[in-house]
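Me: Could you take me through the side-chain contacts of the structure shown here, one question at a time?

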Amino acid sequence: MKTVILLLLIISVGLYIYMNKTKSSICTQGLEILHHLESPYQTIDLAKDKKTSHIAMFLNGTIQNHTKEFNKSHYAMVDIPIKLLHSSPRNILILGGGDGYPAMRALKQENVYVKNVEIDGTLIDFVKTNPIMRELSEDAFNDSRLDLSATDAYKYI
């Protein structure tokens, strides 16, 4: 039985956050902050652009994703590597991906086991319960097919 494991290290900022654990604020000019949280690892802000109504997630004041682009960027991170394989993967491991978008893309594959390891349990809970994030991520973190763990990726591996 052939098993292919895709390791997706989502946004190198995750390592930066883990190593430095710095917190900063974002410039809110033109933005409406919809939700603000602080976790042991980072600040989490969900904001709406007042002019375009696009939604963006900021971690430690740095933009992580935006509704105008996240489908394209996460397609490139998840779907394209899968298409480059000679056969369909049976296992997908996502390291990071706390916004739920990589899991959303991975769960579109047929007959695949998806494991998502994200260190920040506060971020996981936010994405699992916030109505906006649930809708944008197609409720991936509440999908029974996803094995989701609030664990340090280094320790997991």
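**Side-chain contacts**

Reply: In this predicted model, the count of aromatic pairs comes to 1.

Me: How are the rings of Phe70 and Tyr101 arranged?
Reply: The ring centres of Phe70 and Tyr101 lie 4.1 Å apart, and their planes meet at 25°. Planes under 30 degrees apart fall into one class, so the Phe70 and Tyr101 pair is stacked.

Me: Which parts of the chain does that aromatic pair link, and is Phe70 buried or exposed?
Reply: Phe70 belongs to helix H2 (residues 70–83) and Tyr101 to helix H3, so that the pair, 31 residues apart, links distant parts of the chain. As for accessibility, Tyr101 is buried, and Phe70 is likewise buried.

Me: Which residue forms a salt bridge with Glu138?
Reply: The structure holds 5 salt bridges, and in one of them the closest N and O atoms are 2.8 Å apart, joining Glu138 to Lys108. Glu138 sits in the loop between helix H5 (131–136) and strand S8 (146–150), whereas its partner, 30 residues apart from it, sits in the loop between helix H3 (101–106) and strand S7 (113–118). That partner, which counts as partly exposed at 41% relative accessibility, is Lys108.

Me: What is the relative accessible area of Asp139?
Reply: The side chain of Asp139 meets that of Arg134 in a salt bridge (2.8 Å, N to O), and Arg134 counts as partly exposed at 34% relative accessibility. Asp139 is also partly exposed, its relative accessible area being 23%.

Technical notes:
Residues are numbered from 1 along each chain as its sequence is written. This is a predicted model: local features need pLDDT of at least 70, side-chain atom pairs count only at pLDDT 80 or more; totals for chains, interfaces and linings use all residues. Side-chain values use heavy atoms; hydrogens and water are left out. A salt bridge is a side-chain nitrogen of Lys or Arg within 4 Å of a carboxyl oxygen of Asp or Glu. Helices (H or I, at least four residues) and strands (E, at least two) are DSSP runs, numbered from the N terminus. Buried means under 20% relative accessible area, exposed over 50%, partly exposed in between (1.4 Å probe, protein chains only). Rings of Phe, Tyr and Trp (its six-membered ring) pair if their centres lie within 6.5 Å; planes under 30 degrees apart count as stacked, over 60 as edge-to-face and the rest as tilted.
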